Amino acid sequence: MATLSVKIAGLSLRNPVLTASGTFGYGLEFEDFVPMCKLGGIIVKGTTLQPREGNDYPRMAETASGMLNCVGLQNKGVHYFAEHIYPQLKDMDTNVIVNVSASSPENYAECAAVIDTLERIPAIELNISCPNVKDGGMAFGVTCEGAASVVKAVRKAYNKTLIVKLSPNVTDIASIARAVESEGADAVSLINTLMGMSIDIERRCSRLSIGTGGLSGPAVKPVAVRMVHQVARAVSIPVIGLGGIMNAEDAIEFIMAGATAIEVGTTNFIDPAVSGKIADGIGQWLDNHGIKDVSEIIGIVK
Amino acid sequence: MKYSKNFIITANEQLDTRCVLLKMQPSDGEMPPMRPGQFVQVLVPAAKDTLLRLPISINNVEDGQLWLMVQMIGEGTKALGSLPIGGALNLVLPLGNGFSVSEAKGRVLLVGGGVGIAPLLYTGRALRENGAEPIFLLGARTADGVLERELFEQIGRVLITTEDGSAGERGFVTQHSALQTERFDKIMVCGPKPMMVAVARYARQKDIDCEVSLENMMACGLGACLCCVEKTVKGNVCVCTEGPVFNINQLTWQL
C-alpha cells in the first residue's frame with residue numbers, strides 16, 4: 001500500500017484528501033456516509049466574526065456540469081462556533097480546519113485569534129475569494145495589496161498553519177499567490193468558485209437572488225488544474241488544489257499539476273460518501289502504478 | 001440514520017402524459033424506516049450534463065416497495081421517468097422532517113395540487129393508522145391530472161377541484177365548497193407555492209393548525225450547502241433538514 005501521508009507546513013495529513021468549505025457542513029452532516037478517519041481533514045463552513053444570514057433564496061442554479069451558488073457566508077459567527085460547534089468537532093478523528101472570512105484585515109485577524117485558542121483546530125483557511133458578499137470577501141483576493149494586507153494582519157494574530165484560499169477571478173493568480181507567500185502564508189488553496197450568471201429567459205431575470213454566483217463542479221476543473229499548475233511553479237509553499245474533483249483520477253490530475261493535497265467540494269452533494277472513496281482510490285491508483293509514495297507524483301507534470 | 005442505497009425498479013406506471021410512478025425495492029432488501037412527508041435524493045443515471053441529485057418526495061412505502069412520482073419536465077426527470085423495470089437507481093434517504101402525523105387528531109385535511117399530491121398518500125395512510133380521519137382535497141387543471149385518485153379513495157374521503165370543471169368542483173382548491181361548510185382540525189398542504197399560500201391564508205383565517213411542504217431548490221439535501229433556505233421566524237433555515245414540512249407559524253409568508 002502506497003504512502004499517502006503529506007504535510008502542509010506544520011500540518012500532517014494522513015492522506016491528501018480534504019473536504020472543501022461550504023460543501024461538507026461541519027462534517028457531522030456526513031458521518032452516516034463517510035468515517036472521518038478516512039480523510040486527511042475537513043474544512044468546515046466559512047466562519048465570520050459576526051453571525052450572517054446570507055443572501056436571499058434562490059441561492060443555487062444548476063448549469064451544464066456545474067452549479068452556481070450565492071449562499072453568502074451564512075453562519076452563526078465565530079463565537080457561536082467556538083462555544084457550540086467546536087465541542088462537537090474536537091474529538092473527530094481527522095484534522096478540522098476552519099475557513100475564515102471577514103470584511104477588513106482587522107476582522108480577519110480577530111476571527112483568526114478566536115480560532116487560535118481552539119486547541120484541536122490545527123489550521124485555518126482564509127477565504128479572500130468569496131464572490132457572493134459585498135463587504136470584503138473577494139475584494140481582498142483580487143489584488144496583491146489586498147491579499148497581502150489580510151495575510152499580514154492574520155499572521156500576527158494566528159500561530160498555527162495558515163492556508164489562503166485564492167480567487168480564480170483575477171488576471172494573474174500566480175502574483176497573488178506570491179504576495180500571500182511573502183506575508184507568511186503557509187499554503188495556498190485554489191480555486192474558489194468562478195463568478196458566473198444564469199438567466200431564466202421566460203422570466204427575464206437571473207436565476208440567483210443577487211444576480212451572480214460562484215460556479216463549481218466539473219465544469220471548472222480544467223481552469224482549476226491550469227491555475228494549480230501555474231501557482232505551484234510560482235511559489236515554494238504547498239498548494240492545495242480544488243475545483244470540480246469528482247473522483248480519484250481527477251484528484252491525481254491536480255496532484256500531478258502540483259497540488260500537495262486536494263479538496264473535494266461540489267461532488268459531496270452528489271455522493272456524500274465520495275471523499276472517502278477518493279482517498280481509497282488515490283491509494284489504489286498509486287498501487288496499480290507501482291508508486292510507493294504519493295509525493296513521487298506531486299507536480300510531476302512540468 | 002441516513003443511507004446511500006441502491007434500488008431496483010420493479011414498476012414504471014404512466015399516470016398521465018407527463019407523470020410516471022416508479023416503484024422500486026432496495027437491492028439489499030432492507031428498506032430504511034421512512035416518515036410521511038420525508039423525501040429522497042435521486043441520482044439520475046445517464047443524464048448528460050445533469051450533475052445534482054433530484055429531490056423527490058416519498059409517495060408511498062408498501063410491501064417492501066418505495067414509490068416515487070416523477071413529473072417529466074427536464075432532462076433529468078425524463079431520464080428518470082424512462083427507466084425500465086430492472087433498472088438501478090441510487091438514493092440518499094430518508095431526508096427531512098416529514099408531517100407531524102403522530103400529533104394530528106380528528107379531521108385532517110390534506111390538500112395537494114398537481115404532482116404535489118405525491119406525499120399525501122403515505123401521509124394519509126399513516127394518519128388513518130393513527131386514528132385520525134384524513135380528508136383529501138386534490139386540485140388539478142383537468143380530470144386526467146388528478147393522480148392516484150382511486151388510491152386516495154381507499155384511504156379516505158376525496159374532494160376534487162379542476163380548473164376546467166372536468167372533475168369535482170370547478171376552480172382552485174381554495175374555492176371548494178367544503179372549506180366553507182365543514183370544520184377541520186388540521187391542514188397539511190403540498191403543491192405549487194401560490195396554492196400553498198392560499199391554503200395557509202384560509203387556515204390562518206379559520207385558526208386551523210397548518211403545515212406546508214416546501215420544495216425549494218436544493219443541492220445536497222443534508223444541510224451542508226445552505227442553498228435551499230427559507231426565511232423563518234428563526235432566520236434562514238435549510239428546507240432539507242429543518243423542513244421540507246413547516247408549520248405556517250414558522251414562516252414569514254404574508255398571510
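Author: Axes are lines fitted to C-alpha atoms, for helices over the stretch in contact, and the angle between two of them runs from 0 to 180 degrees between N-to-C directions. The model discussed here is predicted.

Reader: At what angle do helix 1 and helix 2 of chain A pack, and how far apart are their axes?

Author: Helix 1 (residues 78-89) of chain A packs against helix 2 (residues 105-116) of chain A at about 10°, and their axes are 9 Å apart.

Reader: Are these two helices of chain A to be called roughly parallel or roughly antiparallel?

Author: Angles under 35 degrees count as roughly parallel. Helix 1 and helix 2 of chain A are therefore roughly parallel to each other. Helix 1 of chain A passes helix 2 of chain A in a right-handed crossing.

Reader: Which residues make the contact?

Author: Helix 1 of chain A contributes Val78(A), His79(A) and Ala82(A), while helix 2 of chain A contributes Cys111(A), Val114(A) and Ile115(A). Sorted by class, this contact holds five nonpolar residues, one polar residue and no charged residues.

Reader: Turning to chain B, in what order do the strands of the barrel run?

Author: Chain B has a closed barrel of six strands in the order 1-2-5-4-3-6, with antiparallel pairing. From one strand to the next, the twist averages 45°.

Reader: How many bridges join strand 1 and strand 2 of chain B?

Author: Strand 1 (residues 3-14) and strand 2 (residues 19-26) of chain B are paired in the antiparallel sense over seven bridges. As an example, Ile8(B) has Gln25(B) in strand 2 of chain B as its bridge partner.

Reader: Which strands of chain B does helix 2 of chain B lie across?

Author: Helix 2 (residues 118-129) of chain B lies across strand 4 (54-62) and strand 5 (65-71) of chain B, and runs at about 35° to strand 4 of chain B.

Note on methods:
Residues are numbered from 1 along each chain as its sequence is written. Chains are lettered from A and ligands numbered from 1 in the order in which they are written. This is a predicted model: local features need pLDDT of at least 70, side-chain atom pairs count only at pLDDT 80 or more; totals for chains, interfaces and linings use all residues. Two strands pair if DSSP finds at least two bridges between them. Helices (H or I, at least four residues) and strands (E, at least two) are DSSP runs, numbered from the N terminus. Two residues are in contact if their C-beta atoms, placed from the backbone, lie within 7 Å. Angles under 35 degrees count as roughly parallel, over 145 as roughly antiparallel, 65 to 115 as roughly perpendicular and the rest as oblique. A crossing is left-handed if the near helix is turned anticlockwise from the far one by less than a right angle, and right-handed if clockwise. Ala, Val, Leu, Ile, Met, Phe, Trp, Tyr, Cys and Pro count as nonpolar, Asp, Glu, Lys and Arg as charged, and the others, Gly among them, as polar.
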